[in-house]
Amino acid sequence: MGSKQWVVYLVRCADNSFYCGVTNDIERRIAEHNTSKKGAKYTRSRRPVSLIGSVDANSRSEAQSLEAKIKKMKKLEKLTFFS
């Protein structure tokens, strides 16, 4: 098992929409969103994306649970959560 920390992250897309995701390598994941076919289908047509913020989680399951909660938030709540 890898020793990298799981994080939940929020990016702003070129159309000013938000995308929330989970990763254990934030730099790689942002690069994928901006340049790779591995980026989320949602962000592929909305490049470039820029990181708004990230929050550490203790495990992948904790990160995914937090991601689900964040995705239900309103846009302003998301900005407040990550600021």
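**Close-up views of the protein chain**

**View 1. Pairing of V11 with Y19 between β1 and β2.** In strand β2, Y19 is the residue that stands opposite V11. The model shown here and in the other views is predicted.

**View 2. The hairpin of β1 and β2.** Five residues lie between the strands of this hairpin. Within the hairpin, N16 adopts a positive phi near 75°.

**View 3. Pairing of β1 with β3.** Strand β3 comprises residues 50-57 and is antiparallel to β1, with seven bridges between them. V55 of β3 faces V8 across this pairing.

**View 4. The elements of the whole chain.** Four helices and three strands make up the elements of the protein chain, and their order from the N terminus is β-β-α-α-β-α-α. The radius of gyration is 12 Å, close to the 12 Å given by the globule rule for 83 residues, so the chain is as compact as a globular protein of that length. Along its principal axes, the C-alpha trace spans about 35 × 30 × 20 Å. Among contacts with a separation of 6 or more, 53% are between residues 24 or more positions apart.

**View 5. Surface and charge of the chain.** Of the 83 residues, 37% count as buried. The accessible surface amounts to about 5,300 Å², and carbon and sulfur atoms contribute 51% of this area. There are 17 positive and 8 negative side chains, and the centres of these two sets are 8 Å apart.

Notes. Residues are numbered from 1 along each chain as its sequence is written. This is a predicted model: local features need pLDDT of at least 70, side-chain atom pairs count only at pLDDT 80 or more; totals for chains, interfaces and linings use all residues. Side-chain values use heavy atoms; hydrogens and water are left out. Helices (H or I, at least four residues) and strands (E, at least two) are DSSP runs, numbered from the N terminus. The radius of gyration is taken over C-alpha atoms; the globule rule is 2.2 Å times the number of residues to the power 0.38. Buried means under 20% relative accessible area, exposed over 50%, partly exposed in between (1.4 Å probe, protein chains only). Contact means heavy atoms within 4.5 Å. Accessible areas come from the Shrake-Rupley method with a 1.4 Å probe; for residues, only the protein chains shown count as cover. Lys and Arg count as positive and Asp and Glu as negative; His and the chain ends are not counted. The place of a charge is taken as NZ of Lys, CZ of Arg, CG of Asp or CD of Glu. Two strands pair if DSSP finds at least two bridges between them.
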